[in-house]
Amino acid sequence: MAEIVVEPPEYYPIVDKFFATPLVEGLQVLGVDVIGIKAGVQTRANKILLGFIIETGSSPAIGALDVDSIVSSLLEKLAKEATYTWKKLQDVSFEVVGFKVYTSRRRGREEKTSLVVNSPEDLRRGLERLGKGLMIYLKERRAIFSTIVIKAPMDGRPVINVTLLLREVMNPLEKQRLQRELSHKVESFLRTLSLDYLRFQVSVLDPEDEKISLLLREKEKAEKMVDNIAEKKELKELMRILGKKTP
């Protein structure tokens, strides 16, 4: 599942429903793997202006120019559909003022993930299998994460804590959705492993959470700095697309 970031974040539900999700689905049908979408939103009178930066995986069957053409057509169609829907509610229209598509260079880093299990020996094997299953699921979902930590108390209490550490800041709504989905997977895997007697708690932390500073290693902190630099460049690009000056 593609990572979606919207600035300002209060427009996330609208952008996700009317633009990001249908755009991802439309491109996937054509064999284009969408890894992330960043959207910038501005309002002007009764218009909502949008700019997009779309990160894709390599698509050998489709050239870059063809992808740009497809994205342009899809965004134009989605803007018309969103306008039609919202005209019924209030006098507002949507306009896509620009977009940029680029091929991801994050694939190598995505593979550098780790699993940490801290538990009594009688639970270790089962919890390691749980962790490996969650890692496969998260990679299929295209979540950008660094570590899964699974802890069980040494005194034998039937409870575990599963903590997912994200590499990048995630929209709070998207993070809540990921936490719910991960909880469902934990419940399903525990049942499969005959460990469903264990109570569990799932936490999803990104670099803005206070607790993550206690869990990230120095290497991951360095990677976060690199990601922040890239993020600033992309935000400036969104502002340029929207016609807004940057300092």
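Which residues does A79 touch, not counting residues up to four places away in sequence? Select A79 and look around its side chain: the partners are F19, F94 and V96. One thing to keep in mind as you click is that this is a predicted model.

**Stop 1: around A79**

You are in helix α2, which covers residues 64-87. A79 has a relative accessibility of 8%. Buried means under 20%, so A79 counts as buried. A79 and I48 are 31 residues apart along the chain, and their C-alpha atoms are separated by 9.8 Å.

**Stop 2: zoom out**

Switch to a cartoon view of the whole protein. How many helices and strands does the secondary structure of the protein come to? There are 6 helices and 8 strands.

The protein has 247 residues, of which 45% count as buried. Now think about contacts in the protein with a separation of 6 or more: residues 24 or more positions apart account for 69% of them.

**Stop 3**

Go back to the cartoon and select V6, which sits in strand β1 (residues 3-7). Is V6 buried or exposed? With 3% relative accessibility, V6 counts as buried. Show its surroundings, skip the neighbours within four places in sequence, and you'll find V6 in contact with Y11, Y12, V15, A39 and V41. Then pick G40 too: G40 is 34 residues from V6 in sequence, but C-alpha to C-alpha the two are 6.0 Å apart in space.

Slide along to E7 and P8. The peptide bond joining E7 and P8 is cis, with omega at about 0°. P8 itself is in the loop between β1 and α1 (12-29).

**Stop 4: a loop and a strand**

Next, select A45. Where does A45 lie? Look in the loop between β2 (34-44) and β3 (47-56). A45 has a phi near 55°, which is a positive value in a residue other than glycine. A45 counts as exposed, at 83% relative accessibility.

Now hop to S93, in strand β4 (residues 93-103). S93 is buried, with a relative accessible area of 15%. Setting aside neighbours within four places in sequence, S93 is in contact with N46, K47, I48 and T83.

**Stop 5: S119**

Select S119, in the loop between β5 (114-118) and α4. This residue is in a loop, and S119 is buried, with a relative accessible area of 2%. Which residues is S119 in contact with, leaving aside its neighbours within four places in sequence? They are R124, L127, A152 and M154.

**Stop 6: two packed helices**

Two packed helices are described by the angle between their axes and the distance between the axes. The crossing of α4 and α5 is right-handed.

Show the side chains where they meet. From α4, the contact is made by L130, G133, L134, Y137 and L138. From α5 come L178, E181, L182, K185, V186, F189 and L190. What kinds of residues are these, by class? The contact of α4 with α5 has 9 nonpolar, 1 polar and 2 charged residues.

Select S194, which is in the loop between α5 and β8 (199-205). Its phi is near 60°, a positive value in a residue other than glycine. Is S194 buried or exposed? S194 counts as exposed, at 55% relative accessibility. The cut-off for exposed is over 50%.

How values were computed. Residues numbered from 1 in each chain as written. Predicted model: local features only at pLDDT ≥ 70, side-chain atom pairs only at ≥ 80, totals over all residues. Heavy atoms only, no water. Left-handed = near helix turned anticlockwise from the far one by under 90°. Helix = DSSP H or I, 4+ residues; strand = E, 2+ residues; numbered from the N terminus. Contact = heavy atoms within 4.5 Å. Nonpolar A, V, L, I, M, F, W, Y, C, P; charged D, E, K, R; others polar. Buried < 20%, exposed > 50% of the residue type's maximum accessible area, 1.4 Å probe, protein only.
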